[in-house]
Amino acid sequence: LLLPATNAFSPQLATAGRSSFRPIFSTALSSSSYLDNLSSVSTSSSFTATDEQATEILDSTFRRTVSSTANTPSSVPVMSKLSLNEADMLANGVIDNVNRNEFPPIVVTVVDRQANILVQKRMDDVCHAAFPEFSYAKAFTCVTMGVSSREFRDKYTATNDAAKIGQMNSMMAISKMAAFPGGVLLRNGDNEIIGAVGVSGAAGDEDEYVALNSAWESGLPLETMPKEHSCTTVKSP
């Protein structure tokens, strides 16, 4: 087998079976490692190799390739938290989606993973007494329960079990939770919760849609829950 004096090898060589390695003639290389011999010779030279030497060089190349691949950082950055600027961008995206679709005015609340408010914005002419509280309750529910506010509701009402519904009502009475759509959970690329967006003021499906679409349009590396919207009144996707 004729091998070039280089550390690069073709895919054809790498995938060849060991039975194909047949020495053309005996080499004059020293008894030390074949790899050591290659490192001391000009890259313009060529050498013959026995089965054992060819196996050594191919195994070494495979190990380097696997190690290099494993240590290559992901091209998609992983968000560790929501910054104030990112939260503000998400809130503005919600308002933009409301205006584009001519939905009723809303309040949007963006919280971090501890449910602390990063940004809360109220559009003109929205009810200022209730909707800010509803908006925060939806976001709070997401980070507390690890699901969207819609999924929180469905978890306890899907089977119409009185005991589960009573449990849900007790949870909402004890803490600031909301069992209706409009709260969207945000996770990073490692599936870690980094915050949530809560929207209130339009219909529940509309609240949820504008929160989802803002996250999708933001360009941030986020995973949303839910993953799809349920809104049938979208005018401008």
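**Asking how we know**

Modeller: Let us begin with glutamate 102, which sits in the loop between helix H4 (84-101) and strand E3 (107-112). Helices (H or I, at least four residues) and strands (E, at least two) are DSSP runs, numbered from the N terminus. This is a predicted model, where local features need pLDDT of at least 70, side-chain atom pairs count only at pLDDT 80 or more, and totals for chains, interfaces and linings use all residues. Residues are numbered from 1 along each chain as its sequence is written, and side-chain values use heavy atoms, with hydrogens and water left out.

Biologist: Why is glutamate 102 called exposed?

Modeller: Exposed means over 50% relative accessible area, buried under 20%, and partly exposed in between (1.4 Å probe, protein chains only). Glutamate 102 has a relative accessible area of 60%, so it counts as exposed. Its phi is also positive, about 55°, although glutamate 102 is not a glycine.

Biologist: And what makes aspartate 125 exposed?

Modeller: Its relative accessibility is 75%, so aspartate 125 counts as exposed too. You will find aspartate 125 in the loop between strand E4 (117-122) and helix H5 (131-145), with a positive phi near 70°.

Biologist: Why is strand E5 described as largely enclosed?

Modeller: Five of the five residues of E5 (residues 183-187) are buried, so the rest of the structure largely encloses this strand. Gly183, Leu185 and Arg187 point one way, Val184 and Leu186 the other, and all are buried.

Biologist: How do you know that E5 and strand E6 (residues 193-200) pair?

Modeller: Two strands pair if DSSP finds at least two bridges between them. E5 and E6 have five bridges, in the antiparallel sense, so they pass that test. Valine 184, for example, has valine 197 of E6 as its bridge partner. Their hairpin has five residues between the strands, and there asparagine 191 takes a positive phi near 65°.

Biologist: What joins E5 to strand E7 (residues 223-225)?

Modeller: Three bridges do, and the two strands run antiparallel. The bridge partner of arginine 187 in E7 is glutamate 223. Proline 226 lies in the segment after E7, and the peptide bond from methionine 225 to proline 226 is cis, with omega near 0°.
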